[in-house]
Amino acid sequence: MKPVKVGICGLGTVGGGTFNVLMRNAEEISRRAGRHILIEQIAMRSDNPNCDTTGMQITTDVFEVATNPEIDIVIELIGGYDTARDLVMTAIENGKHVVTANKALIAVHGNEIFEAAQEKNVMVAFEASVAGGIPIIKAIREGLAANQINWLAGIINGTGNFIMTEMREKGREFADVLQEAQALGYAEADPTFDVEGIDAAHKLTILSSLAFGIPLQFSKGYTEGISKITPQDIQYAEELGYRVKHLGITRRTDKGIELRVHPTLIPKDVLLANVNGVMNAVLVDGDAVGQTLYYGPGAGAEATASAVVADVVDVVRTLTADRDNRVPHLAFQPSALSDAPVLPVDQTTSAYYLRLQAVERPGVLSHVTRILGEKGINIEAIIQKQTTEAQVPVIMLTQRVEERMMNEAIREIEALPDILGEIVRIRVEQLAD
Ligand code: HSE
């Protein structure tokens, strides 16, 4: 049978990994795919020292690949929003299937891209866009297709998890660890995407759509980064039996869909709390299966290439199927997507860790607990740290409450004359049900 020809756009970290895996495992891959897969052309701006591209057809223009009549599948690994969007739309327009690792592209332009792909009867595969080498998209879209998914929670940014792990375990400085993550090829071109949770929010947007059958709605999610987490809060959390992890959480509720990325206290003994370094993990709660956990490397050249190449194999296997006989891009049939709203964060519900700085005076805590009580907020635990100073840190854990009520309570508590400065608030999840 004729080989399938692919064009690789971008030969950076993931592009280089993809090139090397396709070359090294060519025989084994063709045994799986049923066809030989040939790299017809590569678009790259500069050489990748890890790749031997001798004899390859090279261009600096990605659109040459997207319009090359020889090419069946365009592998988009240039990253970013705009050029990547134009490249993918051009490839689709030219009747080519697309494989991409670009979460920003899918989260922001995915609805439009999938519609164009449906019209042109081509596939857009994006397994590598979420959680690097973990086949989480396949698991949710196919393996869990029987379930009503209730919620999922994941560590879905390797750089952020690497930074938090190194800080907690080795007491290393934030900037120093970030630099190492960049050198290892984990971090985004703009590392604030990792640190401020934007990358995780892109990925969560995709997972949420796959889990609940809603259109991609990146702009409606809530995003909070890890840059304000202090060693002090990590320490207090540990004392309370919790670990701070940067989680993406999406949950189905009666009112709509929660979609939020933020630092979260989770019990130290749950598996997710022990996912360290660049590893990612996603915990999915389905009504039939219960909880399932998916764990693996969330970033890195060949780990991500593993997912890219698996997508190429998937596309090759279904080349002759028409659009109505393929797995739908967003797991649900396009005509059956739900219009359940993504909830503003003040309508979401969670428990809270609060740290406040109080003047050491009798009665101060009773004012605080009165305000919480008036807002219907139950206190789970209070610790007042011993000190010889005139002010003391007070740490509280509350039960679950709508965020709107917590915002009101925090405003009123901060206005008390004996409460100094801003209250630190970190959401808490038990991940039990
Ligand atoms: N910057 C991303 C991360 C790369 O650290 O997880 C993989 O998407």
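Which residue stands opposite Thr264 in strand 17? In this predicted model, the residue opposite Thr264 is Arg427 of strand 17.

**Ligand site**

Twelve names make up the surroundings of the ligand: Lys103, Asn157, Gly158, Thr159, Tyr186, Ala187, Glu188, Asp194, Asp199, Lys203, Gly298 and Ala299. By class, the shell contains five charged, four polar and three nonpolar residues. Two helices, helix 7 (158-170) and helix 10 (198-212), contribute at least two shell residues each.

| Residue | Ligand atom | Distance |
|---|---|---|
| Lys103 | oxygen | 2.6 Å |
| Glu188 | nitrogen | 2.6 Å |
| Lys203 | oxygen | 2.8 Å |

The protein buries 93% of the 260 Å² that the ligand exposes when taken alone.

Strand 10 covers residues 257-267, and eleven of its eleven residues are buried, so the strand is largely enclosed by the rest of the structure. Strands of a sheet pair through backbone hydrogen bonds, in either the parallel or the antiparallel sense.

Strand 9 (residues 242-252) runs antiparallel to strand 10, and eleven bridges join the two. Within this pairing, Leu247 has His262 of strand 10 as its bridge partner. Four residues lie between the strands of this hairpin, where Gly256 adopts a positive phi near 155°.

Strand 8 (residues 222-223) pairs with strand 10 in the parallel sense over two bridges. There, Tyr222 is placed opposite Arg260 of strand 10. Strand 17 (residues 419-428) is also parallel to strand 10 and is joined to it by two bridges; Thr264 and Arg427 face each other across this pairing.

**The annotated ACT span**

An unreviewed UniProt entry places the feature "domain: ACT" at residues 353-428. The span is 43% strand and 30% helix, and its end C-alpha atoms lie 6 Å apart.

An open sheet holds six strands in the order 3-2-1-4-5-6, with parallel pairing. Its edges are strand 3 (58-59) and strand 6 (124-125), each of which pairs on one side only. Inside the order, strand 4 (residues 73-76) and strand 5 (residues 97-100) run parallel and are joined by four bridges. In that pairing Val74 stands opposite Val98 of strand 5.

Note on methods. Residues are numbered from 1 along each chain as its sequence is written. This is a predicted model: local features need pLDDT of at least 70, side-chain atom pairs count only at pLDDT 80 or more; totals for chains, interfaces and linings use all residues. Side-chain values use heavy atoms; hydrogens and water are left out. A residue is near a molecule or strand if one of its heavy atoms lies within 4 Å of it. A polar contact is a pair of N or O atoms within 3.5 Å; within protein, one must be able to donate a hydrogen and the other to accept it, and residues adjacent in sequence count only if both atoms are side-chain atoms. Accessible areas come from the Shrake-Rupley method with a 1.4 Å probe; for residues, only the protein chains shown count as cover. Ala, Val, Leu, Ile, Met, Phe, Trp, Tyr, Cys and Pro count as nonpolar, Asp, Glu, Lys and Arg as charged, and the others, Gly among them, as polar. UniProt positions are given in the numbering used here, feature names are shortened, and annotations may be inferred rather than shown by experiment. Two strands pair if DSSP finds at least two bridges between them. Buried means under 20% relative accessible area, exposed over 50%, partly exposed in between (1.4 Å probe, protein chains only).
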